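Here are a few exercises to work through with the model open in your viewer. Try each one before you read the solution.

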Amino acid sequence: MHSVQYHRPVTLDECLRLFDRFGKQARALAGGTDLLVQMRAGHCRNGAVVDVKHVPELNELRFGTSDGLTLGAAVPCYRIYGDATVSRAYPGLIDTVSMIGGTQIQGRASVGGNLCNAAPSADAVPALIALRAVCRIASVRGERELPVDQFCIAPGRNAMADNEVLVSLHVPPPPEHSGACYLRFIPRNEMDIAVAGAGVSVTLGNGTFRDGRVALASVAPTPLLVEKAGVALRGQPVEHEVIARAAAAAKAAARPITDMRGTAEYRKHLCEVLTRRALEKAVLRAGGTLA
Amino acid sequence: MTVAATDSETTGQDRKPGPAAANGYEPNMVLANQTFDIVGSRPVRHDGADKVTGRAVYGADVTLPGTLHGAILRSPHAHARILSIDTSRAEQMDGVHAVMTAGDLPDAGDKIVDVGEGDTPLAYVHGNVLAKDKVLYQGHAVAAVAASNAHVALEAASAINIEYDVLPCSLTAPDAMRPEAALLHDDLVTKELGEESNRRSNVAEHFRWTKGDVETGFARADTIVERSFDTATVHQGYIEPHTVTALWNHDGRLLLWCSTQGAFVVRDVVSTILDIPVSTVKVTPTEIGGGFGGKIPVYMEPVAALLSRKTGRPVKIVMSREEVFLGTGPTAGTHTRVKIGASADGKIQAMEAELAYEAGAYPGSFVVPGGMCVFAAYDCENVAVDGYDVVVNKPSCAAYRAPGSPQAAFAAEQVIDEVALRLGLDPVEFRLLNAAREGTRRADGPKFRRIGCVEVLEAVKNHPHYSAPLVGPNQGRGVAIGFWFNAGLESSCTLNVNTNGTVNLVEGSTDIGGTRTSIAMQAAEVLGISAQDILPEVVDTDSVGFTSVTGGSRTTFATGWAAHDAAQKVVDEMKTRAAMLWAVEPEQVEHSKGTYTANGSSATFQELAAQASRTGGPISASATVKPRGVGGSFAANIVDVEVDPETGKVDIVRFTAVQDVGKAVHPSYVEGQMQGGSVQGIGWALNEEYFMGEDGTMRNSTLLDYRMPTTLDLPMIDTCIVEVANPGHPFGVRGVGEANIVPPLPAVANAIHDAVGVRMQRLPMSPPAVWAALAKT
């Protein structure tokens, strides 16, 4: 028989000490929508489950026009889309948190957990990358920051050391005339895993893209920031043709596999379609019009 | 003909107003031509309260004192020889009470058994329960453990060490039919056109039925379309996994509680497998969370029984979802070819089909009914049907709602659609011009009795949906028709009259689709009392006469008939009791709608029931039936789809199901059956498939990646109940559960063709498949 320990720290310090003690045996329990499924499947045997739902720093949800968004790693999806100010400021993030799982899952699942699980298909991650989100990571030895696009390093693996904990995510305040969007493709309409996904953000000015970022889901071992798509956008006029070039760059950057969820060829094609559609929507959200 | 509206309060179908409401017609029509007092009404279901409050006892709810938990060890390989099995490590683990393998089963010999829907060699039934020398599919059960709890059992099962010699596998019929394909069964001799051949192959049987001469027919045709098609292996997808609890009692009786479509079949098959008298086995069917044909076979019951005998304790085994996908029978994947020729006047001159169905690991793919159904809707002089039953390295097929018919219809109804298009004819008119009628003979021999093929097609043509304009770009409309026979088999029913005028109804048919109520209503109609005054109960195999499986859409038809006959006996007895009270002859007593009269005296059913003790004691009657007047059912669909040409995703925009049910005893349940069959057909059409690696392992054995449609993927399914009374049943019932899954596959395909011009010849018509087909144009 296998036993599992359960710990419920109430301070960050206590939490960090547990992770320092148990190292790779320690598994953070926030919503548990990934962890409990993995445990039932026989993973994480003899582990130490550390329930992080009672650590204040991991449950903070705060927005300021100058500071941007502080999103505690354990904050469940429903709190994010339930906050009117956050919803107005970050529609691209809202796209993902209202799409992950179903209503019941959204009551428990956290964006931080979605990120730490490091699935290539994680819906929240491309949106966070597009929004230039940064991870605040802590251990008993101190704190460090890491951009979200560097956080996932392989399927199911992230850049944190065994004794580190993701405390929160920080999203810069949305620039004027900016908009973001996340779209994914699934064969059904809900309750499914992305065959491909595209998270984008744009900032407009004088009829041009001042900034643009595109990140993809499910088409590489990790969520993928497509630098060349951003390059295709920046400084260019807000036109369909420019968006098409960025979409083509996304397609070119994707390196998907063929599996039961789709062929590689189909997924590359979807990257182009989704990037184009997401950029068109982001432009509208930024108050722009497409020529 | 009257059109009765659905009462939305009882069905809850006002939830999501679809295009139906907008267009001002009733989304649930009943085209009735015969009315009764109770039959045809919509009383509250007898099992409703227990089911909505969670009180209903399902298989996994059964726990006896001292229960041990079982686990099954399954093959990781699709095809392999078992070299050795070492159970020693598992046996020594703490908490493990027993371990067993195929060696613990009695010798099967060369016996033939009926396992619910046909005859099968017992050795195959044994082999599928626990593999002996070879494993034939991934998930094939090899060994089992009973332990103090489910975790220990799983742990112990994984500690059993099996050495395999992995063999090449065949995953599709064409693959397994190759001369060089590895044989699954060394002793399988191909039955060729009814004769034993001397050929050993993976083809268990090849049959051919002909009528007229297809060569002559095709020579007369002005337009000929020939295409081949493939369909994927799909699972019934019942939500409740298989469960069993077994107690081999010290008095020698074996008690089983399980989720099954047929308690008596489990009793008979288990007693045969274990080589014990049938009377020693008592099976209690629990409430069932879906079956669709998949809960007819016996899987874990003999294993739990033997583990119980070894340990002297009750043993319970519950499958996981993965085990359900890997270890239980899905329906056949198929490879088919259909050729149809018609003359310029729209008359079909010749029809030819070649059907190769995957049986899975053991023969019995349901290609025979597939061949019987493929052209059942058409009256054509020249027909030829070839069928091949092919074993492959996948789980052994089980029945799935109209087994064999949907795959055949996917081929035939697309070719029909294409012929109609080429001739410039409306697809419904073309079908009407060639529709099967009473007296039409099928290629497999039988002549149709009274059927509703024409009436169903007329209802499609007249339905507002058929003439409604499409409402967006990339939309298309498809129609198709399908057939299923339905079954009669055997049923029993007992009625016990209570002194307050209610009646306990005892029956043995697992209630899958609301049959407690539809059976009770038929008794109520005869007795002239309300459906609510009948208290139906499904009991164990010791407590009611033999009753065949809930399958073949037979339960409302046949067990309902037994209830009808038992009720007639109660009426006769009531007349005798009234005659006694009134001092007249029983023949003088008249009965109408629950009131008995003679010579000016009158008494109600309730009044006579109250006097039972004074007139001779309890009133009770039983009836058993083996009815022959089974009526086949035709079902048709009108489907609107919208295709996203950039992603290949198909959305079902509007869907109307039309079906001849004979008589809808409880129209709400009939609508539920029609909607359920439609939804399963849509899932089969669009996304469901066993996604197999080349090594024969299933890659999507979860409900996440085995994509059944959710409510968000479907419009409200509108229904149109057509009632062409079956002259072979007291109330005209035909059976409604199955024909409705047949037309959705081709109807959706025809709609996709109408929308974007591609002919989908392979299932599922998933987004990547539709996109790839579009990219080729």
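**Exercise 1.** Find how many residue pairs are in polar contact across the interface of chain B and chain A.

*Solution.* Start with the rule: a polar contact is a pair of N or O atoms within 3.5 Å, where within protein one must be able to donate a hydrogen and the other to accept it, and residues adjacent in sequence count only if both atoms are side-chain atoms. Run that across the interface of chain B and chain A and you get 13 residue pairs, both partners at pLDDT 80 or more. Next, ask which elements of chain B take part: α6 (150–158) and α22 (767–776) each give two or more residues to the side that touches chain A. Helices here are DSSP runs of H or I with at least four residues, strands are E runs with at least two, and both are numbered from the N terminus.

A word on conventions: this is a predicted model, so local features need pLDDT of at least 70 and side-chain atom pairs count only at pLDDT 80 or more, while totals for chains, interfaces and linings use all residues. Residues are numbered from 1 along each chain as its sequence is written, chains are lettered from A in the order in which they are written, and side-chain values use heavy atoms, leaving out hydrogens and water.

**Exercise 2.** Work out how much area chain B and chain A bury between them.

*Solution.* Buried area is the accessible area (1.4 Å probe) that two parts lose on being put together, summed over both. That comes to about 2,200 Å², with 56% of it on carbon and sulfur atoms. On the chain B side, B:Glu646, B:Arg707 and B:Trp771 lose the most area to chain A, together 28% of what that side buries. As for who is in contact (heavy atoms within 4.5 Å), chain B supplies 26 residues and chain A supplies 22.

**Exercise 3.** Count the salt bridges across the interface of chain B and chain A.

*Solution.* Look for a side-chain nitrogen of Lys or Arg within 4 Å of a carboxyl oxygen of Asp or Glu. The rule finds 5 across this interface. One salt bridge joins B:Asp644 to A:Arg277, with the closest N and O atoms 3.0 Å apart. Over all chains, the search gives 59.

**Exercise 4.** Which peptide bond is cis, with omega near 0 degrees?

*Solution.* Go to the bond from B:Leu763 to B:Pro764. B:Pro764 sits in the loop between α21 (744–756) and α22 of chain B.
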